[in-house]
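This report describes the sheet, the helices and the nonpolar core of one protein model. The sequence and structure are shown first.

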Amino acid sequence: MRGLLCLGLLMAVSVGSGQIVPMPKQVVSGKAVRQIGPILAPVSLSPVIDAYKSDWPGQVGGRNTPLTVVIDRKLGPEAYRITHGKDLRLAVGGREGAAWGLQTLGQAISSDVGFSRIDDE
């Protein structure tokens with residue numbers, strides 16, 4: 001059990017005052033996202049989007065920047081890329097990538113982690 005706890009601690013990345021677990025391959029610092037507006041995503045990802053809304057209540061709503069989720073077949077099925085600049089975009093390789101990417105985004109928002117790009121490809 002102690003080995004699993006230590007492994008979990010090693011897999012965390014601290015960025016600014018926040019933390020993302022498990023550690024993505026790359027986090028490029030930038031402006032923090034406080035809350036997102038509507039989520040625009042393919043219908044096939046609806047169950048994953050619904051799970052995100054349930055896991056991270058209060059993060060979606062209002063007239064904030066919408067999150068656009070797109071499927072990018074160049075990415076592996078569990079891979080994702082979150083970009084935050086003029087807009088907020090999550091590119092995923094598949095349903096698993098959407099789940100990982102949304103959990104990472106949820107942690108980044110709740111921990112006040114500023115980023116311009118998060119990659120886990």
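The sections below treat the basis of the model, the sheet, the helices and the core in turn.

## Basis

The model is predicted: local features need pLDDT of at least 70, side-chain atom pairs count only at pLDDT 80 or more, and totals for chains, interfaces and linings use all residues. Residues are numbered from 1 along each chain as its sequence is written, and side-chain values use heavy atoms, with hydrogens and water left out.

## Sheet

Helices (H or I, at least four residues) and strands (E, at least two) are DSSP runs numbered from the N terminus. Two strands are said to pair if DSSP finds at least two bridges between them. An open sheet of six strands has the order β3-β8-β6-β7-β5-β4, with mixed pairing.

β6 pairs with β8 (residues 117–120) in the antiparallel sense over four bridges, and T83 has R117 of β8 as its bridge partner. β6 also pairs with β7, again in the antiparallel sense, over five bridges; here I82 stands opposite L90 of β7. A hairpin of three residues joins β6 to β7. The pairing of β5 with β7 is parallel and spans five bridges, with R89 of β7 as the bridge partner of T68.

## Helices

The axes of α2 and α3 come within 10 Å and cross at roughly 20°; axes are lines fitted to C-alpha atoms, for helices over the stretch in contact, and angles run from 0 to 180 degrees between N-to-C directions. α2 is therefore roughly parallel to α3, a term for angles under 35 degrees. The contact (heavy atoms within 4.5 Å) involves P47, V48, I49, Y52 and D55 of α2, and residues of α3 including R95, L102 and I109.

## Core

A nonpolar core is a set of buried Ala, Val, Leu, Ile, Met, Phe, Trp, Tyr and Cys residues joined through side-chain atoms within 4.5 Å; buried means under 20% relative accessible area (1.4 Å probe, protein chains only). The largest such core has 24 residues, and those with the most contacts inside it are I36, Y52, L67, V69, I82, L90 and F115. Two or more residues each come from α2 (46–55), β5 (67–71), β6 (80–84), β7 (88–92) and α3 (95–110). α3 gives the largest share, five residues.

In β7, four of the five residues are buried.

Notes:
Buried means under 20% relative accessible area, exposed over 50%, partly exposed in between (1.4 Å probe, protein chains only). Angles under 35 degrees count as roughly parallel, over 145 as roughly antiparallel, 65 to 115 as roughly perpendicular and the rest as oblique.
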